[in-house]
Amino acid sequence: MNARPALPEWLRTAVFYQIYPQSFLDTNGDGIGDLPGIVSKLDYLHSLGCNALWLNPVFESPFKDAGYDVSNFYKVAPRYGSNADLKRLFAEAHRRDMRVVLDLVAGHTSDQHPWFKASARAGRNRHSDHYIWTDSVWSTFSEPRLLPGHERNGCYLPNFFPCQPALNYGYARIEAGKDWQQPMNAPGPRAVLSELRRIMAFWLDAGCDGFRVDMAASLVKNDPDGKGIRALWKGIRRWLDRDHPEAVLVSEWGNPSMAIAAGFHLDFLLHFGEPAYQHLCAPQVEPKAGAGRGFFDSRGRGDIRVFLDNYLRHWKATQGRGYIALPSGNHDFARFRHRRSEAELRVFLAMLLTMPGVPFIYYGDEIGLEFREGLVSKEGGYSRTGTRTPMQWTAGKNRGFSTAPAAKLYLPTNEQRGQDVAAQEGDPNSLLHTVRALLELRRDFPALGNDGEFEPLHAKPKPYPFVFLRRSDHERIVVAINPCQRGQRLNLPLLKGALPLAARRASVVGQQLRMAGFSFGIFAVSPKQN
Ligand code: NOJ
Ligand code: CA
């Protein structure tokens, strides 16, 4: 039997903060966030309780998809600073015992990348097979998702938007009559894979601590059982374990048991893929017929079991091998705060930050930044644009994000009073202080940490609260979550003598849990005597 590779120690206590760099902090007055801005806020992030960062792509790009269309993987986009600035960020983070994970757009490049420009030429050259091309320009009529190139008599396969041609990692199965589909071990796919390794090695050597891999499942085509993609990432993981054992791979896959078996250290549960996370916290819009409601429904019409059954399945399959990452949100989905109150967000964060696995806080969620409706699409954001507005630091000009004239900002800030760091630092009841307190508890009590055991105690539609136990060798902690506007009561013998560690409008009387609307409670109970 193969020995299971050890997980990097730092993951056991990792809490991530996701930064959308263009919207975090602008230090040179051009209206766009930058790397020096991130460096200057490391102490803030550290004080919040985060010890790892994931940056959305910071590489040279025409920004047709906010940087997920890379034109040079080895160069920081000038609007964010220089490679030296990024190295300084790594060094400053490490000095504070924090880690930095970069976004690796592995599946495609920009159509402005020199590889693609060469690949689109009529004459054969060393980049001809870097992308997936059919052998005739007319194939677009039989398969409209294929797009005609330029001089080359062929169509290319986009991976996402048309400006993002798919890199050629090969096909697991070749369809009859489609000889242009190449097997994974053909020279083209092998060359692309070594380019990927070279990019990863370059940034690891520069000091980064790993990668969040964009569309991690998308690389190998026609791979219904996932054999091809598993082999590809397992190969990369073997190399990392040998040469960079502290580096981590985080996948955008949405299927933790698959992704972790493929070699990733962490995988997100997301709003796509397995639908269960959506059933926890989907944006508060009228659900499509039959789609079911999220558990975080103010009228209490959801059912936690939809989320939980799926979560437990993945958790059991991955325990000890890797982690499930639960994000508070990300740059692709409406913020949780969309059409929900701060009180609801507080309860959501209380659950997120007391669950096993590795939590990810999307910038601004710690101050309840709202989703902005009605914005004109920016850099391929479309409906995602309202989730990408500037971080708000103060009540002053441009909410402290930038000194540029308001019209030059990457996106407008919002007008809501109190939604800024300065205001919340000064208010002990603020969301920011709740997040800080929750992360402090997570640090102080191993039972609440990434590796603590997890056991649902009450998970039914009625009464509504979701109650679960977290456990380590010497601690047992009960967490109760009520995302519904109505109060709830529940008798649980285990709660007798419980000690509140943190509670918001929730208490234990005798063995009864009493919860007001939108409340949570975290209680220490006596460790089980065997
Ligand atoms: C997923 C990223 O999160 C998203 O923002 C991007 O548009 C697509 N992948 C394409 O790279
Ligand atoms: Ca700037």
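Predicted model: local features only at pLDDT ≥ 70, side-chain atom pairs only at ≥ 80, totals over all residues.
## The chain as a whole

Let us start with the overall picture. The protein chain contains 13 helices and 18 strands. Its C-alpha atoms fill a box of roughly 80 × 60 × 50 Å along the principal axes. A compact globule with 530 residues would have a radius of gyration near 24 Å, and the protein chain, at 24 Å, therefore agrees with that expectation.

Of the 530 residues in the protein chain, 60% are buried. Contacts in the protein chain can also be sorted by how far apart the partners sit in sequence: among those between residues at least 6 apart, 65% join residues at least 24 apart.

Next, have a look at helix α3, which covers residues 83–95, and helix α6, which covers residues 187–206. Two packed helices are described by the angle between their axes and the distance between the axes. For α3 and α6, the angle is about 60 degrees and the axes are 9 Å apart. The two helices α3 and α6 are therefore oblique to each other.

Which residues meet where α3 and α6 touch? From α3 come N83, L86, K87 and F90, while α6 brings F202, W203 and A206. Sorted by class, this contact of α3 with α6 has five nonpolar residues, one polar residue and one charged residue.

## Two phenylalanines in strands

F73 lies in strand β4, which covers residues 72–76. Is F73 buried or exposed? With a relative accessible area of 5%, which is under 20%, F73 counts as buried.

F454 is found in strand β13, residues 453–458. F454 has a relative accessibility of 5% and so counts as buried.

| Residue pair | Places apart along the chain | C-alpha separation |
|---|---|---|
| F73 and V105 | 32 residues | 8.9 Å |
| F454 and S472 | 18 residues | 9.4 Å |

## Backbone details in the loops

Finally, here are some points of backbone geometry. The peptide bond from K462 to P463 is cis, with omega near -15 degrees. P463 has its place in the loop between β13 and β14, the latter covering 466–472.

M215 is not a glycine, yet its phi is positive, at about 45 degrees. You will find M215 in the loop between β8 (210–213) and α7 (227–243).

E379 also has a positive phi, near 50 degrees, in a residue other than glycine. The loop that holds E379 runs between β12 (358–362) and α12 (421–425). Why does E379 count as buried? Its relative accessibility is 17%, and buried means under 20%, so E379 belongs in that class.

Key. Residues numbered from 1 in each chain as written. Chains lettered and ligands numbered in written order. Heavy atoms only, no water. Axes fitted to C-alpha atoms, helices over the stretch in contact; angles between N-to-C directions. Helix = DSSP H or I, 4+ residues; strand = E, 2+ residues; numbered from the N terminus. Parallel < 35°, antiparallel > 145°, perpendicular 65-115°, else oblique. Contact = heavy atoms within 4.5 Å. Nonpolar A, V, L, I, M, F, W, Y, C, P; charged D, E, K, R; others polar. Rg over C-alpha atoms; globule rule 2.2 N^0.38 Å. Buried < 20%, exposed > 50% of the residue type's maximum accessible area, 1.4 Å probe, protein only.
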